[in-house]
Amino acid sequence: MSSEKMTPSEQIRTIIATDCGSTTTKAILIERQGDEYRLIERGEAPTTVEAPFEDVTMGVRNAVSEIEELTGREFLDEDGVITQRESDERGCDLYLSTSSAGGGLQMMVAGVVKTMTTESAERAALGAGAIVMDAIAVDDGRMNHEKVNRIRDLRPDMILLSGGIDGGTISHVAEIAELIATADPKPRLGATYRLPVIYAGNKDARSHIDETLGDKADLRMVDNLRPVLEREVLGPAREEIHNLFMEHVMAQAPGYDKLMEWTDAAIMPTPGAVGMGIQNVADQYDIEIIGVDIGGATTDVFSVFMGTFNRTVSANLGMSYSICNVLLEAGLDNIYRWLPLDVDPADLRNRIRNKMIRPTTIPHTLEELIVEQAIAREALRMALEHHKTLASGLKGVKETDRDASTTFREVDTHTDTLVNMMTVSMILGSGGALSHAPRRVQSAYMMLDAFQPEGVTELAVDSIFMMPQLGVLSGVHAQAAAQVFERDCLIRLGTVISPVQRPNARERDLADAAALELTVSKPDGGEIEESIEFGDMKRIDLAEDQVVRASIDPGRHWDVGEGYGRTVETEIRGGVAGLILDARGRPLDLPDDDVERRRQLLRWIEELDVYPSDALSAYVDNGREA
Amino acid sequence: MAHAYTPGLKVSASETVRKERRLPLPGDVLVQEGDLVEPHQVVARTDIPGDPESLNIANLLGVEPEDIGEAMLVQEGDEVEKGQIIARTIAFFGLLKNEQRAPVSGTVEMISGVSGQVVFRAEPTPLEVEAYISGRVREVMPNEGVVIETAGAFIQGIFGVGGERLGEISILADAPDQQLDASAITEACRDKIIVIGSLASSEILHRAADVGAVGVVAGGVIDEDLVDYLGYDIGVAITGHEKIPVTLVLTEGFGPVPIADKTFELLQELEGRIASMSGATQIRAGVMRPEIICPDADLGEDFVDVGGDELAGGLVVGTPIRIIRQPYFGYLAEVTELPSALQEVESEATVRVLRARLMDGTEVLVPRANVEIIEGRSSLAK
């Protein structure tokens, strides 16, 4: 990394950014045109971390050379990416990269109490972009020798050790440190260096931790993650994780020493960069947001609620390598319920297995696409459930509250999740299943079913998965990152309005009147008036660049954010899928009877124009004959 | 991307195969470069440190952690026998005695005056790595293991379960698409790797285990039959460690699928020969497929490197392919045209496609991502 040579921000015109993924290395070229930065070209090539190449820079060269071919310009010489722009035709001003190649950053966390310090450590590691292989705690229910074997077997890239509040007891965190010392773990990459261990626990235990682990590990001390019970301080630990990622993990991975010399800023772990991008969006628009990246092996969920950023990785929920795990965890019935077609369950299981063993194949027939999108719904649903459990307030914190009778009572206010589907303003999806769905409305419909947003929510997808590059760019040139995100990365699918019914409301009361009535005032003076009944969905055309005033008047048993029966006045933005009204109720309840359920699904699919009707009819008719 | 197709599974009559045999921890390598080895020959050995066992002596004796040093009768590094008294406190002039005993035989690894824990390390257990295939030691990795090289037939499957096995290849199916009944598995299959056609049913797998067969090779398996045989469901495709008596290698996938003709014909040619097989599969970056390796009968000192590592040249008109996704899943075909423009398929995805002629002469259009090249040298005669 050669930051001293970096061009001043205002003079930066041409930017190259790469993301070295586990299978593909993606390069983008960004350039200032007039007053704004735009994506000019992109290129990709297979990642070259593994044998026989074992040099990540080969993949980077190939991806960048694709951009060279497409633009007829030069960005590479024998020393790498040319970061001193010599002319309009040669070189760039800034080169950045992210990486998740070679398995990304794999960490183990350890703490004292599973739901307290260990969970804080997990949040710190995940937020830094790591995969958490295991979380060890004094009270995790495993025998000590089992924990030791686990630490030894996993061979993480680093360990984050936490435990105890400052000034509290040191014996428990000492016990965990002793377990780590006993395991004498070896790092995954490079046999010659000592495993990095970051200690972020009770500061009074530092000398004992040093005695126990100082000789066996590359020990780093940072501020306590939980200096007091009521406060979580994740920043210093996350920063140290990033430092160690550069110093150790990247330095050991093949070719990264070279790549680090090429880049103008530190290489970030891909999910860490995506998280940074998501936080920027939340800050820029001052909104609460959920971001999701559904990959082949894992599904990452990011969120910002009440100003708090969280990230989780559902390590075994994905659409190819891990697709059978989606089947295993969700169960066949949960996948089957999203299918509007009569598919033989045994055949469905075989197909899912075949996708696992041949992960690069794509749906050729409509039926195959529908099956994959059903599986994606379950992967997304479970990933968000997982996220909700970790994106929570600090557990174990008791607040003392004096009530009217002046007696003391303890209120546990912090066990609930921060994720609030009513207040979330935007859900941003990426990953093959969402970014590459043949019709954009399919992405919107999948996210609607899987996440079941409430009230007014904007839906969007990342067009070509540029979030990693834009995340790392935002740390160096925020303006360029924001402009490219807005103009070239974000595809606005549209806004969905989902009224939520009163719990225990009788079905006949819900069906009695419209779930909501909507009046949209268009900028040209025109008005759209719509209403929707319980159980229905509607799609209204509203173009991507249109922002309109809307008055949403829910029925007396329905809430769109302000309470039951209370009108919401708001601005609504259109998108490629327009404005969607979803009055199916929350939680979404599908009929138990298969025939009735399929009929219901087909009705919604038709209303939203999700699939080509001719091809779909052919499958439906085939099913009937069968 | 330049290579938007799946490299095929290798099915080759003549191939140089190298297998790395590595210890999980440093140890001793027992053979030398150039040595000829047999499959069951031990090539490297190490001792796996015993499991640690910890006791919180401070709690057990009712003393403060910093005081346990006075109570300990052994020191770090001492060897102890299970049941040996290792710590003692005496109170009230010897009237109250509290003693603690070693939970395992081994060594005292740590005595902590902070947590009050004492960690014992049980005695190490030896671990041996066998050669797995007959061949020659190509390379010795000091303290770590060896690379064994052999020449012979090499067949990669698409998915497997079960560990490394050695047995004689026996062909039970008359044709690659035959679905056998479990009654075809007889006592004659004991210690054999049996090739059974298009489907390994649950009955066949259980029957093969009952008669003592070591391996089953089939085109496909019904997902639920595999779950039944294993006794649990597989979530992520990382296999090879299952504790099952018969290793299964699928050449094509899930569901009844005929074994590809080329694979079946090669297996027929290998009938009666001794082969090594493994079901270990990892479908991740650094993919690992199950395999059947049948070294040539006479591996003299000077067997020649027959190569075989070259990748197929890519898709061209005439390339034999296997279609690996519906609606033509499992069909074999030959590429007839490679249009360069992207085309929309039924799912409305716009993708790179190819045209291919199926075995029955039908011309079909399929996404390039949904085919794999059939690779390797097809016959022992070549």
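In chain B, strand β25 (residues 353–358) is joined to β26(B) by 5 bridges, and the two run antiparallel. Strands here are DSSP runs (E, at least two residues) and helices are likewise DSSP runs (H or I, at least four residues), numbered from the N terminus; two strands pair if DSSP finds at least two bridges between them. Ala356(B) has Val364(B) in β26(B) as its bridge partner. The structure is a predicted model, in which local features need pLDDT of at least 70 and side-chain atom pairs count only at pLDDT 80 or more, while totals for chains, interfaces and linings use all residues. Residues are numbered from 1 along each chain as its sequence is written, with chains lettered from A and ligands numbered from 1 in the order in which they are written.

The strands of chain B form an open sheet of 5 strands in the order β26-β25-β22-β21-β27, with antiparallel pairing. At the edges stand β26 (363–367) and β27 (371–373) of chain B, each with a single partner strand, so one side of each has no neighbour in the sheet. From one strand to the next, the twist averages 45°.

Turning to chain A, the domain assignment, which is automatic or taken from a database, gives domain 1 (3–100) and domain 2 (104–260). The centres of these two domains of chain A, taken over C-alpha atoms, are separated by 34 Å. Contact, meaning C-beta atoms placed from the backbone that lie within 7 Å, involves 9 residues of domain 1 and 7 residues of domain 2 of chain A. Helix α1 (residues 56–71) of chain A gives the most to the domain 1 side, with 3 residues.

Between the chains, the contact takes 46 residues from chain A and 47 residues from chain B. Elements giving two or more residues to the chain A side include β3 (36–46), α9 (323–330) and α11 (345–357) of chain A. The largest share of that side, 8 residues, comes from α11(A). By class, the chain A side has 19 nonpolar, 17 polar and 10 charged residues, where Ala, Val, Leu, Ile, Met, Phe, Trp, Tyr, Cys and Pro count as nonpolar, Asp, Glu, Lys and Arg as charged, and the others, Gly among them, as polar.

Helices α9(A) and α11(A) also pack against each other, at an angle of about 140° and with their axes 7 Å apart. Axes are lines fitted to C-alpha atoms, for helices over the stretch in contact, and angles run from 0 to 180 degrees between N-to-C directions. Ile323(A), Cys324(A) and Leu327(A) of α9(A) meet residues of α11(A), among them Ile352(A) and Met356(A).

How values were computed:
Two residues are in contact if their C-beta atoms, placed from the backbone, lie within 7 Å.
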